[in-house]
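Keep the structure open while reading.

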Amino acid sequence: MPEPRTKLVGRAGVSAADCMRIFPRKDKESGSAYAYRVLSYNILMLYMPPGAWIRESSVAEILEVSRTPVHEAMGLLRDRSLVEVAPQSATHVSRISVSQLRQSFYMRVAVEPLVVTQLARVITQPTLDELHRLVDAMDESLAIPYNEAKYIELNEEFHRTAYEAAAKGYVWESLQKTGCSFRRCCNMGVLFGYTKPSTEPFRKVLGFLENGGENRVEVATAIHEYLSNYATYIEQLISDFPDCFVNVNTTASTRR
């Protein structure tokens, strides 16, 4: 079993392959898709800490695939700024860019209220029921014993469902590709206990959808407060795990 994340994050010289959590390969899933799914999950959930080095041959052996699909997965991870591949050097899990994190926050704050407003115009009862189910499941994950990983999974599923129901699935996928620094920072806050999540913002969004899109200012404010929560703990994260971050001189701007 991997060591607890709190022991791994920020520790120099960690082999990412030794930290991986493995799950079964899906039926008809290609080797590269499987490798990408496992590696991206481990990086986003901090099992593979920022700065850890990755040896493709070790990953291939653990996943029981050839090196080619692992190499292909590395290219996708590099495109999402999750790994750094240097010629004639080891591949590393990328450190979290505070600059990218802040820009991702601005994109989400600008886009998300528009998506929710669009969704209010077209939402169906089955979609509303599914969103309620996801929020109820989030509440269960926040009960004792607290299941942080499950909460994160349900949180992302709620957003994906909402964006796709508003016919904005491509927008969500684009935000996922460009917003990995923001996601990893938020995940650190939840997983390491720097913040205690709440479903209140999601309940406000559900109320907005049920009321046909009335009171846009209130829902936009709720979304902004939810997304900006990272600013309450990022400086402490940087102080506690300085080796996990880059571009830290932009931190002051996160307060705005």
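The model is predicted. K28 is exposed, because its relative accessible area is 81%, over the 50% cut-off. K28 sits in the loop between α1 (5-8) and α2. From the C-alpha atom of K28 to that of E130 is 27 Å. Along the chain, K28 and E130 are 102 residues apart.

## Domains

The chain divides into domain 1 (5-94) and domain 2 (97-246). Taken over C-alpha atoms, the domain centres are separated by 25 Å. The two domains touch: 14 residues of domain 1 are in contact with 16 residues of domain 2.

"HTH gntR-type" is placed by UniProt at residues 35-93. That span is 53% helix and 12% strand, and its end C-alpha atoms lie 15 Å apart. "GntR C-terminal" is placed by UniProt at residues 103-229. Here the span is 80% helix and 0% strand, with end C-alpha atoms 15 Å apart.

## Cores

In soluble globular proteins, nonpolar side chains tend to be buried together. How many residues are in the largest nonpolar core? The largest nonpolar core has 49 residues. F158, M188, L209, Y230 and F245 touch the most other members. At least two residues of this core come from each of α5 (98-122), α6 (125-142), α7 (148-165), α8 (169-178), α9, α10, α11 (216-227) and α12 (234-240). Domain 1 and domain 2 each give this core at least three residues. Another core, of 27 residues, lies apart from it; V14, A16, M20 and L39 are among its members.

Helix α3 spans residues 56-63, and E56, V59, A60 and L63 are buried in it. Seen down the axis of α3, these buried residues fall within an arc of 100°, so they line one face of the helix. The cover over them includes α2 (31-44), β1 (53-54) and α4 (67-79).

In α8, the residues W172, L175 and Q176 are buried. Viewed down the axis of α8, its buried residues also fall within an arc of 100°, so they line one face of that helix. They pack against α5, α7 and α9.

T161 is in helix α7. T161 is buried, because its relative accessible area is 13%, under the 20% cut-off. Not counting residues up to four places away in sequence, T161 touches E130, L131 and L134.

T199 lies in a loop, between α9 (180-191) and α10 (200-210). Is T199 buried or exposed? At 7% relative accessibility, T199 counts as buried. Leaving aside neighbours within four places in sequence, T199 is in contact with V135, M138, D139 and L142. With one of these, D139, T199 makes a side-chain polar contact of 2.8 Å.

## Loops and backbone

Most residues other than glycine have a negative phi, and most peptide bonds are trans. Two residues other than glycine have a positive phi here: E64 and N215. E64 follows α3 and sits in the loop between α3 and α4. N215 lies in the loop between α10 and α11.

A cis peptide bond joins I144 and P145, with omega about 0°. P145 is in the loop between α6 and α7. A143 is in the loop between α6 and α7 too. The C-alpha atom of A143 is separated by 31 Å from that of G169. A143 and G169 are 26 residues apart along the chain.

| Residue | Relative accessibility | Class |
|---|---|---|
| E64 | 72% | exposed |
| N215 | 46% | partly exposed |
| A143 | 37% | partly exposed |

What is the phi of E64? Phi of E64 is near 60°. Phi of N215 is near 60° as well.

Conventions: Residues are numbered from 1 along each chain as its sequence is written. This is a predicted model: local features need pLDDT of at least 70, side-chain atom pairs count only at pLDDT 80 or more; totals for chains, interfaces and linings use all residues. Side-chain values use heavy atoms; hydrogens and water are left out. Helices (H or I, at least four residues) and strands (E, at least two) are DSSP runs, numbered from the N terminus. Buried means under 20% relative accessible area, exposed over 50%, partly exposed in between (1.4 Å probe, protein chains only). A polar contact is a pair of N or O atoms within 3.5 Å; within protein, one must be able to donate a hydrogen and the other to accept it, and residues adjacent in sequence count only if both atoms are side-chain atoms. Contact means heavy atoms within 4.5 Å. A nonpolar core is a set of buried Ala, Val, Leu, Ile, Met, Phe, Trp, Tyr and Cys residues joined through side-chain atoms within 4.5 Å. Domain bounds come from an automatic or database domain assignment. UniProt positions are given in the numbering used here, feature names are shortened, and annotations may be inferred rather than shown by experiment. The arc is that of the directions from the helix axis to the C-beta atoms.
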